[in-house]
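Here is a short report for a reader new to this model. Look over the sequence and the structure first, then read on.

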Amino acid sequence: MKLVVAIIKPFKLDEVRQALTAIGVHGMTVTEVKGYGRQKGHTEIYRGAEYVVNFLPKLRIEIAVASEIADRAVEVITSSARTGQIGDGKIFVTPIDHAKRIRTGETDSDAL
Amino acid sequence: MGVLSSRAAAKIAAATSVAATSALATPALAETSAINAADTAWMIVATALVLMMTIPGLALFYSGMVRKKNVLATMAQSLAAVATISILWVMFGYSLAFVGDGPWLGTLDRWFLAGMDMDSVNPAARTIPESLFMLYQMTFAIITVALVAGSVADRMRFSAYLLFSIGWFVFVYVPLAHWVWGGGFLASMGVLDFAGGLVVHLSAGIGGLVAAKVMGRRHGYGSENMSPFDLSLAVLGTGLLWVGWFGFNGGSALAANSRAVMAITATHLAACAGALTWGAIEWATRRKPSVLGMISGAVAGLGTITPASGFVAPWHGIVIGVVAGLVCFWACTWLKHRFDYDDSLDVFGVHGIGGMTGTLLAGVFAVNAIGGTAGLIEGHARQVLIQLYGVAVTLVWSGGVTYALLKIVGVLVPLRVSLQQELEGLDISQHGEALQ
């Protein structure tokens with residue numbers, strides 16, 4: 001089992017969700033985050049005060065998938081989240097030791 | 001008319017004329033007949049409009065511009081101003097400001113509104129009940145006190161704020177209101193201040209500046225990102241202030257008449273011109289007109305026209321609004337950086353400088369036919385000097401007393417919150433609450 005974590009641009013959420021549903025991934029967790037990589041922030045000016053804002057709003061998507069489809073999931077996220085502009089985001093894949101469905105008690109692949 | 005017999009009609013007519021004659025003969029009733037229903041109705045509305053300027057107008061305007069962790073505390077300052085100043089006004093503030101016309105202070109004849117009844121009128125406003133005049137003036141005292149706090153937003157201890165605002169009300173506002181509006185020495189000199197360029201805006205502005213200097217800068221000022229929590233709150237607040245100002249300046253005519261409408265027209269135009277001017281400057285110098293800039297320009301226009309609104313021609317409002325936009329923009333940017341003070345919400349830059357400018361411009365643009373006094377444009381150049389005198393007195397009195405007051409209050413309780421409390425935020429540290 002793998003935990004696939006993707007940081008994407010917020011407006012791409014729906015596209016990514018639809019693409020993942022199409023390959024059989026039916027659940028995800030989404031958090032609003034801020035971050036930066038190579039994308040520069042912007043400057044805000046309030047009366048006389050100027051602030052350089054480095055952190056940009058992003059979304060963090062987490063999905064737990066069977067190891068066999070992890071690569072496919074990464075591919076699908078990449079193609080649906082890409083715009084070609086700097087700041088598209090990154091995807092990280094880490095192994096999952098255990099998984100459990102709280103309601104039924106199912107474990108590991110049955111919990112995904 | 002055909003229903004009554006001619007004899008019955010004659011009897012009724014006779015009875016009515018006798019009643020009318022005796023009514024006129026009785027002094028108390030003669031005084032009551034001076035109270036005008038139209039004026040009273042308008043002034044009740046104006047009173048409500050001005051109270052609305054503080055809550056929620058100023059509360060929203062200010063809170064939208066501070067950081068999230070201080071939003072509730074900033075609103076608390078406006079709420080507290082309403083609650084404390086209202087009661088103090090009724091206790092002795094009104095009396096000392098508006099009853100009796102000694103040069104320095106009024107009397108305590110109306111301590112707790114003693115002697116004020118259904119028929120009383122204040123000589124300053126004979127066509128409305130005295131209680132209404134008192135209530136209307138109360139709303140001015142409230143907003144002036146609430147304004148000062150803007151300079152030291154994000155760092156003043158609530159207990160210190162309460163003590164300071166009570167003292168400021170007693171020792172700055174009440175005397176100044178008496179001097180300018182209550183028949184005191186500035187009024188006798190002919191200083192023109194229609195609705196509070198000196199009494200409200202300049203006094204609050206210089207008080208705020210002194211407080212900002214005495215209390216020092218916010219932690220992280222100049223390096224940390226202190227962007228506004230939610231400018232949409234500030235925009236809503238501006239709307240309430242703008243509309244409320246119709247009561248602030250329009251109501252200062254103390255009557256439902258043309259002068260009130262002239263004042264409102266000048267006021268509205270000044271707000272519009274101020275907003276456009278500030279926006280234009282930003283567009284030209286920074287490539288984008290900001291929303292904060294437009295609302296700041298509007299408020300600058302409103303504050304600046306305030307002392308002049310009942311004395312100038314309505315179209316002068318446009319000129320004064322443009323000047324306000326220019327001068328206040330300069331004050332909030334260049335001046336603030338040049339002298340490096342943390343006037344957090346630009347009370348001095350907008351209200352202080354605006355009030356000062358407007359007071360002087362009143363001396364320039366006053367039209368005799370509108371307000372009974374001629375200004376520079378009608379050949380009475382001396383009026384500008386009289387206005388300057390009023391400005392100087394206000395600066396010295398408000399500035400000096402504010403300084404002394406802060407020092408005294410500072411002995412009783414620390415003016416600032418601790419560094420830890422400032423970092424944590426005033427909402428949590430002063431009030432035990434947080435926006436989620």
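Which residue takes a positive phi in the hairpin of β3(A) and β4(A)? A:R47 does, with phi near 50°, in a hairpin that has two residues between the strands.

## Ground rules

This is a predicted model: local features need pLDDT of at least 70, side-chain atom pairs count only at pLDDT 80 or more, and totals for chains, interfaces and linings use all residues. Residues are numbered from 1 along each chain as its sequence is written, while chains are lettered from A and ligands numbered from 1 in the order in which they are written.

Helices (H or I, at least four residues) and strands (E, at least two) are DSSP runs, numbered from the N terminus. Two strands pair if DSSP finds at least two bridges between them.

## The hairpin of chain A

Strand β3 of chain A covers residues 42–46, and strand β4 of chain A covers residues 49–53. The two pair in the antiparallel sense over five bridges. Within this pairing, A:T43 stands opposite A:V52 in β4(A).

A:R47 sits in the loop between β3 and β4 of chain A. Its positive phi occurs in a residue other than glycine. Most residues other than glycine have a negative phi, and most peptide bonds are trans. A:R47 is buried, because 22 other C-beta atoms lie within 10 Å. The scale is this: a residue is buried if 20 or more other C-beta atoms lie within 10 Å of its own, exposed if 12 or fewer, and partly exposed in between, with C-beta atoms placed from the backbone.

## The sheet of chain A

Chain A also has an open sheet of four strands. The order is β2-β5-β1-β6, with antiparallel pairing. β2 (29–35) and β6 (89–95) of chain A stand at the edges. Each has a single partner strand, so one side of each is left without a neighbour in the sheet. From one strand to the next, the twist averages 20°.

β2(A) and strand β5 (residues 56–65) of chain A run antiparallel, joined by seven bridges. There A:E32 has A:L59 in β5(A) as its bridge partner. Helix α2 (residues 67–81) of chain A packs on the sheet and touches β1 (2–8), β5 and β6 of chain A. The direction of this helix makes about 5° with that of β1(A). Axes are lines fitted to C-alpha atoms, for helices over the stretch in contact, and angles run from 0 to 180 degrees between N-to-C directions.

## Chain B as a whole

Chain B has 17 helices and zero strands. Its radius of gyration is 23 Å, close to the 22 Å that the globule rule gives for 436 residues, so chain B is as compact as a globular protein of that length. That radius is taken over C-alpha atoms, and the rule is 2.2 Å times the number of residues to the power 0.38. Along its principal axes, the C-alpha trace of chain B spans about 90 × 45 × 45 Å. Of the 436 residues, 55% count as buried.

Chain B is divided into domain 1 (1–33) and domain 2 (36–431). These bounds come from an automatic or database domain assignment. The centres of the two domains, taken over C-alpha atoms, are separated by 49 Å.

## Local points in chain B

A cis peptide bond joins B:I55 and B:P56, with omega about 5°. B:P56 belongs to helix α3 (residues 37–63) of chain B.

Is B:D340 buried or exposed? B:D340 is exposed, because it has 10 other C-beta atoms within 10 Å. This residue lies in the loop between α12 (316–339) and α13 (347–365) of chain B.

## Where the chains meet

13 residues of chain B are in contact with eight residues of chain A. Contact is defined by C-beta atoms, placed from the backbone, that lie within 7 Å. On the side of chain B that touches chain A, α11 (291–305) and α12 of chain B are the elements that give two or more residues. The largest share, four residues, comes from α12(B).

The residues on this side of chain B divide into four nonpolar, six polar and three charged. Ala, Val, Leu, Ile, Met, Phe, Trp, Tyr, Cys and Pro count as nonpolar, Asp, Glu, Lys and Arg as charged, and the others, Gly among them, as polar.

Definitions and conventions: Contact = placed C-beta atoms within 7 Å.
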